[in-house]
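Subject: Structure handover

Hi,

Here is the structure for you to take over. Please open it alongside this note; my findings follow below.

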Amino acid sequence: MKVGDRVRVKTSVIVYHNPAHRNEPFDIKGMEGEVIAIVTEWQGRPVSANLPIQVKFDKKFRGHFREDELEVVS
């Protein structure tokens, strides 16, 4: 998986920050987006982020995920 890949959420992930469902539990399983960053360092120092893959779904909605929660869409 690399920056620019199209991905789909393959497991059930509940979020509370989706703009269309603000402050409500919302399952994003099946949603597709684009990988915009993979967090491996911060200010030049290596980090071990719990949720290193950042995905942009639409103009206002982004999320951070583990690699096992996503699948690459062909």
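A residue is called buried when its relative accessible area is under 20%. V13 has a relative accessibility of 12%, so V13 counts as buried. Bear in mind that this is a predicted model.

**V13**

V13 sits in a loop, the one between β1 (6–9) and β2 (14–15). Leaving out residues up to four places away in sequence, V13 touches F26, D27, I28, F65 and E69. N50 is 37 residues from V13 in sequence. In space, the C-alpha atoms of V13 and N50 are 15 Å apart.

**The sheet**

Five strands make an open sheet, in the order β8-β7-β4-β1-β9. The pairing is antiparallel. At the edges are β8 (62–65) and β9 (70–72), each with pairing on one side only. On average, neighbouring strands of this sheet are turned by 45° against each other, direction ignored.

Look next at β4 and β7. Strand β4 covers residues 32–38 and is joined to β7 by 4 bridges. The two run antiparallel. E34 stands opposite K56, which is in β7.

Which strand holds Q54? Q54 belongs to β7, residues 53–56. Its relative accessibility is 17%, and the limit for buried is under 20%, so Q54 counts as buried. Not counting residues up to four places away in sequence, Q54 touches E34, V35, I36, A37, R62, G63 and H64.

I36 lies in β4. Is I36 buried or partly exposed? I36 has a relative accessibility of 29%, so I36 counts as partly exposed; that class runs between 20% and 50%. Setting aside neighbours within four places in sequence, I36 is in contact with V3, Q54, K56 and R62. G4 is 32 residues away from I36 along the chain. The C-alpha atoms of G4 and I36 are separated by 6.2 Å.

**Surface patch**

Which residues form the nonpolar patch on the surface? They are V39, W42 and V47. Together they have about 260 Å² of accessible area. One of them, W42, is found in strand β5, residues 41–42.

**Where to start**

I would begin with the contact between Q54 and I36. Q54 is in β7 and I36 is in β4. Q54 counts as buried, whereas I36 counts as partly exposed. Then turn to V13 and its contacts, F65 and E69 among them.

Over to you.

Best wishes

Key
Residues are numbered from 1 along each chain as its sequence is written. This is a predicted model: local features need pLDDT of at least 70, side-chain atom pairs count only at pLDDT 80 or more; totals for chains, interfaces and linings use all residues. Side-chain values use heavy atoms; hydrogens and water are left out. Buried means under 20% relative accessible area, exposed over 50%, partly exposed in between (1.4 Å probe, protein chains only). Contact means heavy atoms within 4.5 Å. Patches are made of residues with over 30% relative accessible area and no salt bridge: like charges are joined within 9 Å, nonpolar side chains (Val, Leu, Ile, Met, Phe, Trp, Tyr) within 5 Å. Accessible areas come from the Shrake-Rupley method with a 1.4 Å probe; for residues, only the protein chains shown count as cover. A salt bridge is a side-chain nitrogen of Lys or Arg within 4 Å of a carboxyl oxygen of Asp or Glu. Two strands pair if DSSP finds at least two bridges between them. Axes are lines fitted to C-alpha atoms, for helices over the stretch in contact, and angles run from 0 to 180 degrees between N-to-C directions.
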